[in-house]
Amino acid sequence: MCGHQPAEYEDPPSGAVAVDPGVDGDLAAKTAASPPGTTFWLRPGTHTLGSDEFGQVAPKDGDVYLGAPGAVVDGRGVNRAAFTQRARNVQLHGLTVRGFAALQDQGVVNHDSGDGWLIENTTIEDNAGAALMAGAGQVVRHSCLRNNGQYGLNAYQAGDGITGLVLEGNEITGNNTGDWEAKVPGCGCSGGAKFWAVNGADIRGNWVHGNHGAGLWADTNNNDFLVEDNLFEANDSEALFYETSYNLVLRGNTFRGNALVQGRAFASRGDNFPVATVYLSESGGEARVPARTSAVDITGNTFEDNWAGITLWENADRFCNSPANTSSGYCTKVASKSSCAAGTIEQRPAYDDCRWKTQRVEIHGNTFRFDAGRVGCASLCGRMALLSNYGTFPDWSPYKGTVVEEAITFGQGNRWHDNAYTGPWTFVVHDTSKTVDAAGWRAGPYSQDECSSFDGGVAGC
């Protein structure tokens, strides 16, 4: 999509309000003066919003913005946001939006996370912050989210009301130019797109590549994601990071050359944690959380010359009410904070429900190809992983010791089978100290990858 947007709206539709790029602030002024449901046609040229940092366009419900070929809305490094407020069912077509100075975690388009927005055939590039925010029922289609300072998309809405989000046929590339993980260590605030407490998302047919961090990062109580037929390529870190979230279908995607930057950084400092292309962290299937599936189903994907494969991880110290829970203030979707406290968490059902569990993950029918020479690595690469850590914290935790290591490895229904492997794959299992080859992975007590093939040899079924 980037650099190849269709040339539409060369002429204004009947009844549209024409916007003049030669008049500074004309777009904002005409929007303010028009009733809800107005269609605006932006003439070719660069449209500006004044010299005030709060210069912005505040759409009304149902407003439509059409860009003639060459129509650009430019913040000139001065204005913080382009399209703001909580109007519903706003549409943008054929625009280029660039040069806005959004603050950390804030967006340029749909700044206030209005519901029902449609962004189509639009380029949002070279802004600080996020290219756009999201609301319920938002559709982003055939658009270019490129080279933004923090995210291409920040799918967060106050009150956690985002449902029915659609990303289809977009190019999401080069985002996090501000290198936010170095700027604010541990912030978890970078990548191509970030999703927070989104309930229902269809992400299909996108090209997610070259982002400086994760490609797509779903963080905290997301649920019911369908991620299919995308190309994830050359993202610095994970292609897909699914964290403290539920119920995912990941199918028919291609993953190529991801996590090389992150993997080399870990290897250079001797960090043996299994860097992943697809990283599930405290995430799994949960039938009590309504969705199209009650599992995490990873199937029909092709992985080619990434730093590594899939890591299933669960932090034994991270659970509802634990100081180690970086999603401050949030609990699992099947427990309450009051039950997840010393004196009650030790008893069922709290004991089971206060953890975000990596459970009911099925990895099958995928192709994993790895050539260490092409990837350019000597160690700590080409790995698949199923593990946890030895629980130590806080002192009232009922999950100390090997409790979670045993659970994720043997007791939570995580299963690889019917996959095809090429290359020198190894498998980190139970904890970071245990690495086995394919034979050890398939043998007891792990008994993984039944009916899978390794370098053309079919395992016993």
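**Close-up views of a predicted model: disulfides and parallel strands**

**View A. The disulfide of Cys-2 and Cys-144.** The link of Cys-2 and Cys-144 is right-handed, with 95° about the S-S bond. Cys-2 belongs to the segment before S1 and Cys-144 to strand S13 (residues 144–146), so this pair ties together parts that are 142 residues apart in sequence. The S to S distance is 1.9 Å in this predicted model. Both ends are buried: Cys-2 has a relative accessible area of 10%, and Cys-144 has one of 0%. The whole structure holds 5 disulfides.

**View B. The disulfide of Cys-320 and Cys-331.** The sulfur atoms of Cys-320 and Cys-331 lie 2.2 Å apart. Both cysteines sit in the loop between strand S29 (310–314) and helix H4 (350–353), 11 residues apart. Cys-320 is buried at a relative accessible area of 0%, and Cys-331 is buried at 11%.

**View C. The disulfide of Cys-377 and Cys-381.** Cys-377 is joined to Cys-381 with an S to S distance of 2.0 Å. The torsion of 80° about the S-S bond makes the link right-handed. Cys-377 counts as buried at 13% relative accessibility, as does Cys-381 at 12%.

**View D. Parallel pairing around strand S2.** Strand S1 (residues 17–19) runs parallel to strand S2 (residues 39–42), and 3 bridges join them. Ala-18 stands opposite Trp-41 of S2. Together with helix H1 (residues 26–33), S1 and S2 make a right-handed β-α-β unit. S2 also pairs in the parallel sense with strand S4 (residues 64–67), over 4 bridges. Here Thr-39 has Val-64 of S4 as its bridge partner.

Terms used
Residues are numbered from 1 along each chain as its sequence is written. This is a predicted model: local features need pLDDT of at least 70, side-chain atom pairs count only at pLDDT 80 or more; totals for chains, interfaces and linings use all residues. Side-chain values use heavy atoms; hydrogens and water are left out. Two strands pair if DSSP finds at least two bridges between them. Helices (H or I, at least four residues) and strands (E, at least two) are DSSP runs, numbered from the N terminus. A crossover is right-handed if, with the strands pointing away from the viewer, the path from the first strand over the helix to the second runs clockwise. A disulfide is a pair of cysteine sulfur atoms within 2.5 Å. Buried means under 20% relative accessible area, exposed over 50%, partly exposed in between (1.4 Å probe, protein chains only).
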